[in-house]
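Biologist: I'm new to this one and would like to learn how to read it. Could you walk me through it, step by step?

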Amino acid sequence: MRPPLYPTTELYNFGGLEKQDYEKAKVVVFSVPYEATTSYISGAKWAPRAIIDASRHLELFDIELKKDISKIGIFTLPELSCSKNSPREAVEDIRKTTRQLLSDRKFVLMLGGEHTVT
């Protein structure tokens, strides 16, 4: 007897959406789990993943807009691994990626770690 087939884990993307298409997406979620200059408590690097995990529990239908926001096209990029050599290099990595996304005419939603990211 074959075991039943069913999803075993939730997808790692904003909203847990099954289908994503970069070309059709209007919004790109861009995670930057950077943490190199914090001075008090560490852990900011885990924020993007926590936000994406929590987003799976959002109600995607917006009552005021009367629309399913997932239909606008949301694409989640893999986490950016910034340079750890210096904050200046990390910011340049972020800048390059953001410029590319903007040149592709995407609305960029960047989820960061520490304040340097913003």
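This is a predicted model: local features need pLDDT of at least 70, side-chain atom pairs count only at pLDDT 80 or more; totals for chains, interfaces and linings use all residues.

Biologist: Where is Thr-76, and is it buried or exposed?

Modeller: Thr-76 is in strand S4. Buried means under 20% relative accessible area, so Thr-76, at 9%, counts as buried. Leaving out residues up to four places away in sequence, it touches Asn-13, Phe-14, Gln-20, Val-29 and Ile-52.

Biologist: How do I read a nonpolar core, and which residues touch the most other members in the largest one?

Modeller: Think of buried nonpolar residues joined through their side-chain atoms. The largest such core has 14 residues, and Phe-30, Val-32, Cys-82 and Ile-94 touch the most other members. S1 and helix H2 (87-103) are the elements that give two or more residues to this core. There is also a second, separate core of eight residues, with Phe-14, Leu-17, Ile-52 and Ile-74 among them.

Biologist: And what does Phe-30 touch?

Modeller: Not counting residues up to four places away in sequence, the partners of Phe-30 include Leu-77, Leu-80, Ile-94, Val-108 and Met-110.

Biologist: How many aromatic pairs does a search of the whole structure find?

Modeller: The search finds one. To read a ring pair, look at the angle between the planes: over 60 degrees counts as edge-to-face. The rings of Tyr-22 and Phe-75 have planes at 85 degrees and centres 5.5 Å apart, so they form an edge-to-face pair. This pair links distant parts of the chain, with Tyr-22 in the segment before S1 and Phe-75 in strand S4, 53 residues apart. Tyr-22 counts as buried, at 19% relative accessibility.

Biologist: Which charged residue lies over the face of Tyr-22?

Modeller: That's Lys-106, at 4.7 Å from the ring centre. Elsewhere, the charged end of Arg-49 sits over the ring of Tyr-12, 4.5 Å from its centre.

Biologist: Last one: where does Tyr-34 lie?

Modeller: Tyr-34 lies in the loop between strand S1 (27-32) and helix H1 (47-55). Tyr-34 is buried, with a relative accessible area of 4%. Among the residues Tyr-34 touches, beyond four places away in sequence, are Lys-45, Cys-82, Pro-87 and Glu-114.

Key: Residues are numbered from 1 along each chain as its sequence is written. Side-chain values use heavy atoms; hydrogens and water are left out. Helices (H or I, at least four residues) and strands (E, at least two) are DSSP runs, numbered from the N terminus. Buried means under 20% relative accessible area, exposed over 50%, partly exposed in between (1.4 Å probe, protein chains only). Contact means heavy atoms within 4.5 Å. A nonpolar core is a set of buried Ala, Val, Leu, Ile, Met, Phe, Trp, Tyr and Cys residues joined through side-chain atoms within 4.5 Å. Rings of Phe, Tyr and Trp (its six-membered ring) pair if their centres lie within 6.5 Å; planes under 30 degrees apart count as stacked, over 60 as edge-to-face and the rest as tilted. A charge sits over a ring if NZ of Lys or CZ of Arg is within 6 Å of the ring centre and within 35 degrees of the ring normal.
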